[in-house]
Amino acid sequence: MLAIQLVNRMGNVPLISIRELTQEDSCQLAAMLCEDYILRRDLGIARENRPTGEKFGQGIRDWCRSRNASTYAIVLDDRTVAGTISLSHIDDKSHSARIGYWIGSKYRRKGYCTKAFERVTAEAQSRDIERVRASIAQDNLPSRRIWEAHGGYVVHCEDEKVTYEIELNGCVG
């Protein structure tokens, strides 16, 4: 904890980590989804949908089971949850998966998603996943930049979506 405080006093970016969701993480994320109107709009969440921590956590667990997925909290300095990132549609035969994420509007454009992306691709490699993909809205330039900065290339365009792929062993295209 002392090292984290020293880093923060120097004005650097906070320590970014990912971890499996805890109940406290689910509560923070549910509160964020209730209060962050920009995030709600971006995710297409209806105004009347206001999850509790318990409902959010159960929804994530159900989603993970149905999509062979693992969802992680994006955590700043080991305490503040800024969003989620997931590996889903994990296919052991093809050694592939999809990556998806969202981050609260006040945490955007600070490099947090980029660091979480690096952490989740390292996790994917540790699980023998060789290729990751994501479908991203064409107008979501920040997300597209993350993929491109990490060697992602476009494999498909359709209906205002762009599908990116990254070969985690370093071979692109």
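Predicted model: local features only at pLDDT ≥ 70, side-chain atom pairs only at ≥ 80, totals over all residues.
Q: Thanks. And which residue does the R131 side chain meet in a salt bridge?
A: That would be E165, with an N to O distance of 3.7 Å. R131 lies in strand β5 (residues 131-137) and E165 in strand β7 (residues 161-167), so this pair ties together parts that are 34 residues apart in sequence.

Q: Is E165 buried or exposed?
A: E165 is buried: its relative accessible area is 6%, and buried means under 20%.

Q: What's the distance between R19 and D78 in their salt bridge?
A: Their side chains meet at 3.7 Å, N to O. R19 sits in strand β1 (residues 16-20), while D78 is in the loop between β2 (70-76) and β3 (80-91), so the pair ties together parts 59 residues apart in sequence.

Q: And what's the relative accessibility of R19?
A: R19 comes out at 25%, so it counts as partly exposed.

Q: How many salt bridges are there by this rule?
A: The count comes to 9. The rule here is a side-chain nitrogen of Lys or Arg within 4 Å of a carboxyl oxygen of Asp or Glu.

Q: Changing topic: how many residues are in helix α5?
A: Helix α5 covers residues 112-126, which is 15 residues. From first C-alpha to last, α5 reaches 21 Å, close to the 21 Å expected at 1.5 Å a residue.

Q: Nice. Which residues of α5 are buried?
A: They are Y112, C113, A116, F117, V120, T121 and A124.

Q: One more pair: which residue does R127 meet in a salt bridge?
A: R127 meets E123, side chain to side chain, at 3.9 Å, N to O.

Q: What are the relative accessible areas of R127 and E123?
A: R127 has 32%, so it is partly exposed. E123 has 27%, and E123 is partly exposed too.

Notes:
Residues numbered from 1 in each chain as written. Heavy atoms only, no water. Helix = DSSP H or I, 4+ residues; strand = E, 2+ residues; numbered from the N terminus. Expected span 1.5 Å × (residues − 1). Buried < 20%, exposed > 50% of the residue type's maximum accessible area, 1.4 Å probe, protein only.
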